[in-house]
Amino acid sequence: MEEYFICPECGSDDVEVIKERGRELTLRCNECGNVWIITLPKLVKVPLIVSKHERSFKGEVELPEGEEIRVGDIVETDDDEVRITGIELEGDKRVNKAEIGEIKTLWGESLTYPKVIKVSIYLPKGVTQAFKVKVPRNEEFVVGEVLEVGGYTFRVEKIKTETKMLHHGKAKADRIVALMGHSIPRARARRSLEIYRGYGKESGGS
């Protein structure tokens, strides 16, 4: 992981390492000439299980010993960016935060993989048509917009996020769990959504 340093005297980021001995670095600011020494934290390898929809992959991530990590934090591995969704201690105890040295396993969701969202379309006579769709994580959805999926056109009436149910407003796909609304067959859709067909059918892109 690449390190970035800020001069404590002038605040410049034009800093170079002039001496390195283990985790001890001597730095010099090219703006004001200030020289100082820092000690990098010891990195600990922590087991990490990364979810990509219905598949999970075992790996590990290097994190600074003694620092605290919380559910919702984002960590970087060699080839992925992962949001922490679970922290497991010894004895299979699950917590929302812990110091790095205490952790048995971290669980996370890949942020480089598209988001899969559930869609429930309410049809006449009490019938519900359900889909799973694949969307870019930064895509926004708005209550009231008209969408199309699988040949059905519907108006979004509710957006279920990870923390609440929205009856108005908008949310990014990264935080959305489900979209719900009634079918409106003759309406013109703002956009069409791509049906998710399973991990084995995906290439990893959006």
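Colleague: Which residues lie nearest the centre of the second largest pocket?

Modeller: Ser-51, His-53, Glu-109, Lys-115 and Val-116, out of 21 residues that line the second largest pocket. Keep in mind that this is a predicted model.

Colleague: And which elements give two or more residues to that lining?

Modeller: For the second largest pocket those are β8, β11, β12 (115-122) and β20 (176-182). β12 has the largest share of the lining, with four residues.

Colleague: How much space lies in the second largest pocket, and how do its lining residues divide into nonpolar, polar and charged?

Modeller: The space is about 400 Å³. The lining divides into nine charged, seven nonpolar and five polar residues.

Colleague: Which domains does the lining of the second largest pocket draw on?

Modeller: Domain 2 (43-110) and domain 3 (115-192), with at least three residues from each.

Colleague: OK, now the largest pocket. Where does it lie relative to the domains?

Modeller: The largest pocket lies between domain 1 (1-40) and domain 2 (43-110), because both of them give residues to its lining. The centres of those two domains, taken over C-alpha atoms, are 29 Å apart.

Colleague: How much space is in the largest pocket, and what lines it?

Modeller: About 620 Å³. There are 22 lining residues, and Val-61, Glu-62, Glu-76, Thr-77 and Asp-78 lie nearest the centre of the pocket. Strand β5 gives the most to this lining, eight residues, and β4 (43-52) is also among the elements that supply at least two.

Colleague: What about the classes in the lining of the largest pocket?

Modeller: 10 charged, 10 nonpolar and two polar residues.

Colleague: Which strands does β8 pair with?

Modeller: One of its partners is β11 (residues 103-110), which runs antiparallel to β8 with seven bridges; there, Ile-84 is opposite Gly-108. Strand β7 (residues 74-76) is also antiparallel to β8, joined by three bridges, and Ile-74 sits opposite Arg-83. Then β9 (residues 93-95) pairs with β8 over three bridges, again in the antiparallel sense, with Lys-93 as the bridge partner of Leu-89.

Colleague: How many residues lie in the hairpins that join β7 to β8 and β8 to β9?

Modeller: The β7-β8 hairpin goes through four residues. The β8-β9 hairpin has three residues between its strands, and Gly-91 in that turn has a positive phi of about 80 degrees.

Definitions and conventions. Residues numbered from 1 in each chain as written. Predicted model: local features only at pLDDT ≥ 70, side-chain atom pairs only at ≥ 80, totals over all residues. Heavy atoms only, no water. Pairing = 2+ DSSP bridges. Domains from an automatic or database assignment. 1 Å grid on protein atoms, 1.4 Å probe; cavity = no way out; pocket = protein on both sides within 12 Å on 5 of 7 lines; lining within 4 Å. Points joined across faces, edges and corners; volume = space filled by probe spheres on them. Nonpolar A, V, L, I, M, F, W, Y, C, P; charged D, E, K, R; others polar.
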